[in-house]
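Student: I would like to learn how to read helix packing and sheet layout. Can we work through a case?

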Amino acid sequence: MSTFVLMRLLESAPRRYDLGIWLLSLGRIGRVHARMAEQAQAGERILDIGCGTGSLALRCASRGGQVTAIDISPQMLDVAREKVNAAGLEDQIELREMSAVDLDEAFPEGSFDVVVSSLVFSELSEDEQGFVLRQCRRLLGDGGRLVLADEVVPRRWSLRLLNRVLRLPLVLLTYILTQTTTRAVEGLEEKVTGAGFAVRSAERSLLGGLELVVAAKSEEGA
Amino acid sequence: MLPAVVDPVKDVLQTGLRVLPFPTRTGLFRIGNPNRESPVFLTCNFDLTVRRVRRALRGLDCYLLVAPSRGINVWCAAAGGHLTSNQVVSVIKTSGISELVDHRRLILPQLAATGVERKVVEERTGWRALFGPVRAEDIPAYLANHYKKTDEMRKVRFDLGERLEMAAMWAFPISIIPLVPLLIWWRWLVLPFLAVVWGIAAFTFGAFPWLPGRPTGAEGARSEHGGRLRWARYLIIFDPRLRASLTVLVLFLGALAVYAWLVGGLEWSSLIGWGLAGLAISLLIGLDLTGSTPIYKSGLHEERLLTVQLLEDRCTGKAMCEQVCPKNCYQVDSELHKALIVAGHECVRCGACVVQCPEDALVFAYLDGRTIAPEEIRRYKLNMLGERVKGA
């Protein structure tokens, strides 16, 4: 999903973020979020790390989950708040302006049944990814699930090449417009396993650039 | 493996392309043989900066934290919301530095003061942040001086070397982009084209201190469209809206037509070649480069019209403004416990003093007297993403 480099551009315009991501993913982002939300059952406590404009949090809440959604950007949260109010789900979604590195002090152990996070890990540094995964393990109760979707590097060299070629013009455009870029997450599954999770399923998009990982807290210590 | 400290190829490439971000590995770097008392420094993750800082720290025993600033340099990232308290807190908490040293003192680059709130860092991590010198090369002297900065260490300079770096930053991409068509179809144009592009860039930035300048500070804000520019308005760094570049292009094409008429006609391919080269050159002339100087704000941003106001009754002389101002605009009277703006005309409106003042005694003011509360500046930086003005 090379098109996600344009996310940086969209983040500078939170109000157009949803439309942009929808267009760039050719409408697939909705399906990805729907698949992620399926992991949550009614009545479960869900943490959405990096909720952005709240699309995924809304899907989880509409299935009956009790969602805590955190994001570092007050602008994104403003948009999310409008959407939550419009959907009348204020009682089920708590929005918090908070950094993922403050998860260690924000919630006690075992606070959640499911942790979801979409297109966030690619924004984090290696150290931050490790820190957040360790926190996810701490925050999940017994039988807790971790559900991640992110940009990854395709495994086959032919797809990697195709991904690079498709990405290049978008990378350049995004550089020019926003002076920023995104990187794919390297070894997402290995990192999840390394943090003490057992990967239950890992699916990749057609071009291999987007991965959806569902993992469960494993019994042995991390 | 750590990336190399000395890498001339990357130095050249990243200087030429420094308008683009070059992210590098974030996290903890050990310099020399640090122990539990060794100082801890922080910088951004712009690759070129990290190499320069590591070179400047050679010979010291210390830790360097590289914060995730999206590959952007310290000053730009701080002003643009990419190097804020969040990134500093993140690298403190995720790098494991707290287990390696017994003290809790973090030395930040002074130019991070526009983005990083020391109060927030302290509340969230227990680390006390100090703003060190502007330049990494002053760090050894700063340590020898017991963490006290001289006026010289606080000041942003714009020496010839730095000005030429900025010239290269603009001339390099502008000479690279049309190079392929030029090499294929108009090879004879390549050298004259490069000479003109690099010549204009080098002259403009090289001669910068002697060019007739735009007045700065409040006076500059009032005479925004007026005066003293004279012929310099046709040089790259003073033209925000491409008017000059179009003028130059039209003049250039006119001259080309006259030349063709005089020599009895040119071939179409020469005309097109010269036309394209002329376009690239006029774009270089028309680019708004005031933002690449530490003296002028970009002509594209409305904050160039703001001035800093000191609310005297709030000031208690804590002197943070004096510590973070990159132009030494402030002096603090230690007996009266009051700050004074002694060089307001030098102000570059970076906002560092407004963000850092513990008493909220400094505010940005528009020409009509309206002010912007410090909290707004802390939240949106100067005008991050246009959100502040829209929200007002």
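**Helix crossing, then sheet**

Tutor: The axes of helix 7 (residues 126–139) of chain A and helix 4 (residues 85–95) of chain B come within 9 Å and cross at roughly 70°. Axes are lines fitted to C-alpha atoms, for helices over the stretch in contact, and angles run from 0 to 180 degrees between N-to-C directions. Helices (H or I, at least four residues) and strands (E, at least two) are DSSP runs, numbered from the N terminus. This is a predicted model: local features need pLDDT of at least 70, side-chain atom pairs count only at pLDDT 80 or more, and totals for chains, interfaces and linings use all residues. Residues are numbered from 1 along each chain as its sequence is written, with chains lettered from A and ligands numbered from 1 in the order in which they are written.

Student: Which residues of helix 7 of chain A and helix 4 of chain B make the contact?

Tutor: Contact means C-beta atoms, placed from the backbone, within 7 Å. Helix 7 of chain A brings Asp127(A), Glu128(A) and Phe131(A); helix 4 of chain B brings Ser90(B), Lys93(B), Thr94(B) and Ser95(B).

Student: How do I read a sheet?

Tutor: Strands pair through backbone hydrogen bonds, either parallel or antiparallel. Here, two strands pair if DSSP finds at least two bridges between them. Chain B has an open sheet of five strands, order 1-3-2-4-5, with mixed pairing.

Student: Which strands of chain B stand at the edges?

Tutor: Strand 1 (27–31) and strand 5 (128–131) of chain B. Each has a single partner strand, so one side of each lacks a neighbour in the sheet.

Student: How many bridges join strand 2 and strand 3 of chain B?

Tutor: Four; strand 2 (residues 40–43) and strand 3 (residues 62–66) of chain B run parallel. Thr43(B) has Val66(B) as its bridge partner in strand 3 of chain B.

Definitions and conventions: Two residues are in contact if their C-beta atoms, placed from the backbone, lie within 7 Å.
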